[in-house]
Amino acid sequence: MHDSASTTLEPSTVLEALRFRYATKAFDPARRIPREVWSALEESLVLAPSSFGLQPWKFVVVEDAAVRERLVAASWNQRQVAEASHLVVFAAREELGTAEVDRLIARMAEVRGVSEESLQGYRKVLLGFIGGPGHGISHLEWNARQAYIALGQLMHSAALLGLDTCPMEGIDPAAYDEILGLRSLGFRTVCACPVGYRAAADKYATAPKVRYPAEEVVLHV
């Protein structure tokens, strides 16, 4: 049973982690994230929310050093990709169809201990949605938006654990797709996020955050 009282963080703890976080420009290549800590971060990705619970993504943890060096060239030569302890590439499913809906329905029935027949109303809703996500966007674009939710969850979880991240869109997605073989799996690269420990010489680590005052960006109605 989940006990919210035992897992509640102090507001100051959350804010301290968010102030600690920054887009790390230089990682310490000698420091590796402990296995149990990385396991928790991977689980934070698994637990990430997505619209309808469809989870239209892959989180590619690139462990091969040679592959990561190839990805540097596809990342405007940004060394974070190779030097961080870990690298996660966020990929979105190109299309959504009946197969993806039925897979989710089967998984829901398994996890919640109900029959698939009892979920047919929800299945109908999902099939109606994937017939046209609306707002003039494609399945890929909608799925990419879901991937960014997971990116935010990873970054926040990492900060709470005292780890550094660098969300990266300054990459060549098509080159990533080719290097990682994603197109053959039906996925496309959205962004990448190195995770590790900041280098002592990274001047950006101590630079003050530049944010507009809360009263200018938070609207109470």
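Helices (H or I, at least four residues) and strands (E, at least two) are taken as DSSP runs and numbered from the N terminus. On that basis the protein chain holds 10 helices and four strands, in the order α-α-α-β-α-α-β-α-α-α-β-α-β-α from the N terminus on. The C-alpha trace of the protein chain spans about 60 × 45 × 40 Å along its principal axes. The model is predicted: local features need pLDDT of at least 70 and side-chain atom pairs count only at pLDDT 80 or more, while totals for chains, interfaces and linings use all residues. Residues are numbered from 1 along each chain as its sequence is written, and side-chain values use heavy atoms, with hydrogens and water left out.

The helix packing may be taken up next. Axes are lines fitted to C-alpha atoms, for helices over the stretch in contact, and angles run from 0 to 180 degrees between N-to-C directions. Helix H2 (residues 11-20) and helix H8 (residues 139-160) have axes that come within 8 Å and cross at roughly 105°. H2 and H8 are therefore roughly perpendicular to each other (angles of 65 to 115 degrees count as such, under 35 as roughly parallel, over 145 as roughly antiparallel and the rest as oblique). Contact, meaning heavy atoms within 4.5 Å, is made by Thr13, Val14, Ala17, Leu18 and Phe20 of H2 and by His156, Ala159 and Leu160 of H8. These residues divide into six nonpolar, two polar and no charged, where Ala, Val, Leu, Ile, Met, Phe, Trp, Tyr, Cys and Pro count as nonpolar, Asp, Glu, Lys and Arg as charged, and the others, Gly among them, as polar.

Helix H4 (residues 65-73) and helix H9 (residues 173-180) have axes that come within 10 Å and cross at roughly 160°, which makes H4 roughly antiparallel to H9. Val67, Arg70 and Leu71 of H4 meet Tyr176, Ile179 and Leu180 of H9. By class, five residues of this contact are nonpolar, none polar and one charged.

H6 and helix H7 (residues 120-130) pack at an angle of about 155°, with their axes 10 Å apart; H6 and H7 are therefore roughly antiparallel to each other. H6 passes H7 in a right-handed crossing. From H6 the contact draws on Thr98, Val101, Asp102, Leu104, Ile105 and Met108, and from H7 on Tyr122, Arg123, Leu126, Leu127 and Ile130. Eight of the contact residues are nonpolar, one is polar and two are charged.

A pocket is an open set of points on a 1 Å grid over the protein atoms alone, where a 1.4 Å probe fits, with protein on both sides within 12 Å along at least five of seven lines; lining residues have an atom within 4 Å of a point. The largest pocket has a volume of about 800 Å³, a volume being the space filled by probe spheres set on the points, which are joined across faces, edges and corners. Its lining comprises 25 residues, with Val46, Gly53, Gln55, Leu104 and Arg107 nearest its centre. Helix H3 (35-46), strand E1 (57-61) and helix H6 (98-112) are the elements that give two or more residues to this lining, and H6 gives the most, with seven. The lining has 15 nonpolar, three polar and seven charged residues.

The second largest pocket has a volume of about 200 Å³. Of its 14 lining residues, Tyr22, Ala23, Tyr204, Ala207 and Lys209 lie nearest its centre. Its lining has eight nonpolar, no polar and six charged residues.

Key: Left-handed = near helix turned anticlockwise from the far one by under 90°.
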